[in-house]
Amino acid sequence: MKKGSKLYSIFHLKCPRCAEGDLFETPSFSFRKPFYMPQHCPKCGQPYFLEPGFYYGAMFISYIWTGWVSLIFVGILIWGFGVGVNTAFALLVLLMALLYVWIFRVSRAMWLAMNVKYDPHALDHPLPVKDQAAGTPQKA
Ligand SMILES: [Zn+2]
């Protein structure tokens, strides 16, 4: 995947503006701080929360991901490997427990990438980071 493409920032969980800063501080499969996301990109200052309730839309992407992964996984087990329905669904529950955080994060990365354009010079022009709680500019 080429750096600067939407797919690169989505699947590497990087800021869509600079493709350098991490969207999440911990690895997806570490299961530490699974849903915590900083307010801004640590490299270019791009806000990660564009408006209140911004990631509501990511929930629908997550739903689509989960639906297709479940259908394909259970379909392959039942028709491809002849596994029983109960076993297939038990394995699906295990798979979803493992992929839950990853799907959550990829869905947020997709939603943010749909709304933020890549800027190859983003690191030369970092956005001013504002303290949203106090509403005052903050030194980076
Ligand atoms: Zn960035």
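This is a predicted model: local features need pLDDT of at least 70, side-chain atom pairs count only at pLDDT 80 or more; totals for chains, interfaces and linings use all residues.
Visitor: What makes up the chain, in helices and strands?

Guide: Three helices and two strands, and along the sequence they follow the pattern α-α-α-β-β.

Visitor: Why is the chain called more spread out than a compact globule?

Guide: For 140 residues the globule rule gives 14 Å, but the radius of gyration of the chain is 18 Å, well over that value, so the chain is more spread out than a compact globule. The C-alpha trace also spans about 60 × 35 × 25 Å along its principal axes.

Visitor: What makes a residue such as Trp111 in α3 count as buried?

Guide: The cut-off is 20 or more other C-beta atoms within 10 Å of its own. Trp111 is buried, as are Val101 and Phe104 in α3, so each of them reaches that cut-off. Of the 140 residues of the chain, 21% count as buried.

Visitor: What covers the buried residues of α3?

Guide: The cover includes α1 (6–11) and α2 (56–81).

Visitor: Which residues touch the most other members of the largest nonpolar core?

Guide: Cys15, Cys18, Ala109, Met110 and Ala113, out of 16 residues in that core. Helix α3 (residues 85–115) gives the most to this core, with six residues.

Visitor: What does it mean that Met110 touches Ile10 and Ile61?

Guide: Contact requires C-beta atoms within 7 Å, so the C-beta atoms of Ile10 and Ile61 each lie within 7 Å of that of Met110.

How values were computed: Residues are numbered from 1 along each chain as its sequence is written. A nonpolar core is a set of buried Ala, Val, Leu, Ile, Met, Phe, Trp, Tyr and Cys residues joined through C-beta atoms within 7 Å. A residue is buried if 20 or more other C-beta atoms lie within 10 Å of its own, exposed if 12 or fewer, and partly exposed in between; C-beta atoms are placed from the backbone. Helices (H or I, at least four residues) and strands (E, at least two) are DSSP runs, numbered from the N terminus. Two residues are in contact if their C-beta atoms, placed from the backbone, lie within 7 Å. The radius of gyration is taken over C-alpha atoms; the globule rule is 2.2 Å times the number of residues to the power 0.38. Lists of a residue's contacts leave out its neighbours within four places in sequence.
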